[in-house]
Amino acid sequence: MSPAPLPEPIPGPHHEGPPGPVPQPRGSGEIITVLAHYHRGEIGRMAGWRDRIDRTTNWSITVIAAMLSVSLSTPTAHHGVLLFAMLLVLLLLAIEARRYRFFDVYRARVRRLERDYYAQVFAPLPGGGVDWSRELGESLRRPAFRISLADALARRLRRNYGWMFMILLLAWVLKITSPKLQPGSGAETEITIRAVVENAALGPLPGGLVVACVAVFYAALLFVVLRSIRRERERDDGPVHV
């Protein structure tokens, strides 16, 4: 008696042949649907990175508020607390600049869709961008940063962090120049340049060196901001951007 024939194997993923071509939208209706869903997806990614940027800014504000309350609340608090706050805020600025570079990639895609497609739908203009879809496709195939880390640092400095560093600088100057904020000093203590420099001493480092380092640090921040002003004007982002 011959054995019963074995059942045919059910085709699975390992039995499938080479993948076929990716189905393309047919007709203007499907194309519009794809664009609407893609636009919504890119907005979600952009909003996610925007939320990360806001979190870093909130951390910086919290650090500044805590350090100011510690340093200016009592004469025994050392002015080095404010210098340490400057370093912490600088670290958070570097983290935020890196996040901003990712955010700028997705924001540029959203702006390209809004400027070259949706704006033409609502208010058509002659000579609109004809290669925007090709440029958008290249950005999806090979994502690349649109701005350098230095430009991202400068942009965040101009938007938020410049004011934070100015607050820390004013608080530090107040700390080393006010007699009431110095340990063992009274309101009648005379304020001289020599006394201010001595108050700026940090451990084994003399006050003159500390003042010079702070001046160089803020001069570098100012240089980064001023160098980026011309590049900001050359970009076609409009006056409303972060």
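This is a predicted model: local features need pLDDT of at least 70, side-chain atom pairs count only at pLDDT 80 or more; totals for chains, interfaces and linings use all residues.

User: Which residues form a nonpolar patch on the surface here?

Analyst: F84, L87 and L90 do, and together they have about 290 Å² of accessible area. L87 is found in helix α2, which covers residues 80-122.

User: Why is L87 called exposed?

Analyst: Exposed means over 50% relative accessible area. L87 has 55%, so L87 is exposed.

User: What makes a group of residues a nonpolar core, and which residues have the most contacts inside the largest one?

Analyst: The members must be buried residues of the nonpolar kinds, such as Leu, Phe or Tyr, joined through side-chain atoms within 4.5 Å. The largest core here has 26 residues, and those with the most contacts inside it are L157, Y161, F165, L168, W172 and Y218. Helices α1 (28-72), α2, α4 (149-177) and α6 (207-234) each supply at least two residues of this core. The largest share, nine residues, comes from α4. Apart from this core lies another one of 11 residues, among them A97, Y100, V105 and V110.

User: Which residues does Y218 touch, leaving out those up to four places away in sequence?

Analyst: Y218 touches M86, F165, L168 and L169.

User: How do you know that R146 and D104 meet in a salt bridge?

Analyst: Side chains of opposite charge can pair when their charged atoms come close. The rule asks for a side-chain nitrogen of Lys or Arg within 4 Å of a carboxyl oxygen of Asp or Glu. R146 and D104 have a distance of 2.9 Å, N to O, so the pair passes the test. This pair links distant parts of the chain: R146 is in the loop between α3 (132-141) and α4, D104 is in helix α2, and they are 42 residues apart.

User: Are these two buried or exposed, or in between?

Analyst: R146 has 42% relative accessibility and counts as partly exposed. D104 has 0%, which is under 20%, so D104 is buried.

User: What makes R45 and E42 a salt bridge, and how far apart are they in helix α1?

Analyst: The closest N and O atoms of R45 and E42 are 3.6 Å apart, and the limit is 4 Å, so the pair counts. R45 and E42 are three residues apart in helix α1, which means about one helical turn separates them. R45, at 41% relative accessibility, counts as partly exposed, whereas E42, at 2%, counts as buried.

User: How many salt bridges does the rule give, and which residues are linked in a network?

Analyst: The count comes to 13 salt bridges. R112, R115, D116 and E135 are linked in a network of salt bridges.

User: How many aromatic pairs does a search of the whole structure find, and why is the pair of F102 and F145 called edge-to-face?

Analyst: The search finds eight aromatic pairs. The ring centres of F102 and F145 are 4.9 Å apart, within the 6.5 Å limit, and their planes stand at 85°, which is over 60 degrees, so the pair is edge-to-face. F102 is in helix α2 and F145 is in the loop between α3 and α4, 43 residues apart. Ring pairs link W49, F102 and F145 into a cluster.

User: What makes F165 and Y218 an edge-to-face pair?

Analyst: Their ring centres are 6.3 Å apart and their planes are at 90°, so the pair meets both conditions. F165 lies in helix α4 and Y218 in helix α6, so the pair ties together parts that are 53 residues apart in sequence. Both F165 and Y218 are buried.

Key
Residues are numbered from 1 along each chain as its sequence is written. Side-chain values use heavy atoms; hydrogens and water are left out. Patches are made of residues with over 30% relative accessible area and no salt bridge: like charges are joined within 9 Å, nonpolar side chains (Val, Leu, Ile, Met, Phe, Trp, Tyr) within 5 Å. Accessible areas come from the Shrake-Rupley method with a 1.4 Å probe; for residues, only the protein chains shown count as cover. Helices (H or I, at least four residues) and strands (E, at least two) are DSSP runs, numbered from the N terminus. Buried means under 20% relative accessible area, exposed over 50%, partly exposed in between (1.4 Å probe, protein chains only). Contact means heavy atoms within 4.5 Å. Rings of Phe, Tyr and Trp (its six-membered ring) pair if their centres lie within 6.5 Å; planes under 30 degrees apart count as stacked, over 60 as edge-to-face and the rest as tilted.
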